[in-house]
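Here's a quick tour for anyone opening this structure for the first time. Keep the view handy as you read.

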Amino acid sequence: MTILECKSLTKSYGDVRALDGVDITIEPGRIVGLLGPNGSGKTTLIKLANGLLVPSGGEILINGLAPGVETKKIVSYLPERPCVPDWMTARALLGFYGDFYEDFDRSAAEDMLSRLGIDTGAKIRHLSKGNREKVQLIMVMARRALLYLLDEPIGGVDPAARDYILNTIISNYNPAASAVISTHLISDVERVLDDVIFLREGKAVLAAPVDELREQQGKSVDQIFREVFRC
Amino acid sequence: MEWRFEGGAPIYAQIVGTVKLAIASGELPPGERLPGVRELALEAGVNPNTMQRALTELEREGLVYSQRTAGRFVTDSAEAVEAARRELADGTVKTFLTAMRRLGFEREEILNLLEREENHDDSGM
């Protein structure tokens, strides 16, 4: 069963085509890199998958369904910018997530928070920026979802935090679930990816397994990306 | 094991190389139990599917074997370890010779240099 499918998916903002006839499928058990320069349509695609935007043409299906209440039960979404209510404590947030999502694994989240030494009694607002981002990631990854949509999880964080984020993704890996990670920092993520999708000006110009690309072209995905997107 | 990934070779193939070196050098002794796929994937910072593929390849090459319930182990076969050692040595020599020929060295000179370097090593001990 395909977990995410786009058929001729198009999204326009006025005259601008942010996505232009995208056809992609994502199977269960894959960690997929959604790669492209700024403005290539990565965030638009992820927002469409979450039902935050509506397609201008074509369709997007999650587990065979159009985005809606049923798909939100199985999709765990990390937005580009943190969106947790910052006046809450981490402890209150745990309860909030538990109430909202049946698949929320509270003890896994508590475990991850305590390993980072985060004081669950402190207001999110009083945490460092790095810890605020980690708290949000922990909430997202502690759901036992079928599809994780992570929009730029490693943009703007230091290398140690980047390793933490990637390790959190690997350690929560579940063969029944898939994860889509959008980023332009390819050399950092390519070793955790099964597949990559290159977006350019709203079109999916390449979709292939990472090791197949490396085997066929004798180059890293990072090098291939630099060639495809040479300015 | 030290995990480093570079260049354009497939990542699973680079993992196979790293584990093979650890087995051939004795860092992973015969019969040693390997950590689980997820643990190894975390340690190497790679995708669990990629780690699984590398382990399957190592099994196919006879360097590790799995026991249904107990996990995965380094081969007990001294011949298999020796074969891996030879294979890695061949590769290292080939790389060395390619680099030396590129620098314009002929067989005699290369042998002389090797001998001199070896003496250096001895006196340096």
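## Chain A on its own

Chain A has nine helices and nine strands, where helices (H or I, at least four residues) and strands (E, at least two) are DSSP runs numbered from the N terminus. Its radius of gyration is 18 Å, close to the 17 Å from the globule rule for 231 residues, so chain A is as compact as a globular protein of that length. That radius is taken over C-alpha atoms, and the rule is 2.2 Å times the number of residues to the power 0.38. Along its principal axes, the C-alpha trace of chain A spans about 50 × 35 × 35 Å.

Count the contacts in chain A (heavy atoms within 4.5 Å) with a separation of 6 or more, and 69% of them come from residues 24 or more positions apart.

## About the model

This is a predicted model, where local features need pLDDT of at least 70 and side-chain atom pairs count only at pLDDT 80 or more, while totals for chains, interfaces and linings use all residues. Residues are numbered from 1 along each chain as its sequence is written, chains are lettered from A and ligands numbered from 1 in the order in which they are written, and side-chain values use heavy atoms, leaving out hydrogens and water.

## Where A meets B

Chain A puts 19 residues into the contact and chain B puts in 20. About 1,500 Å² is buried between the two chains, with carbon and sulfur atoms giving 48% of that; buried area is the accessible area (1.4 Å probe) that two parts lose on being put together, summed over both.

The rule finds one salt bridge across this interface, that is, a side-chain nitrogen of Lys or Arg within 4 Å of a carboxyl oxygen of Asp or Glu. It joins the side chains of B:Arg53 and A:Glu215 (3.9 Å, N to O). On the chain A side, α6 (159-171) and α8 (210-217) each supply at least two of the residues touching chain B, and α8(A) gives the most, with four.

## A look inside chain B

B:Ile23 sits in helix α1 (residues 11-24) of chain B. Is B:Ile23 buried or exposed? B:Ile23 is buried, with a relative accessible area of 2%.

Leaving out residues up to four places away in sequence, B:Ile23 touches B:Leu28, B:Leu63, B:Val64, B:Val74 and B:Val81. B:Ile23 and B:Glu82 are 59 residues apart in sequence, and 9.5 Å apart in space, C-alpha to C-alpha.

Conventions: Buried < 20%, exposed > 50% of the residue type's maximum accessible area, 1.4 Å probe, protein only.
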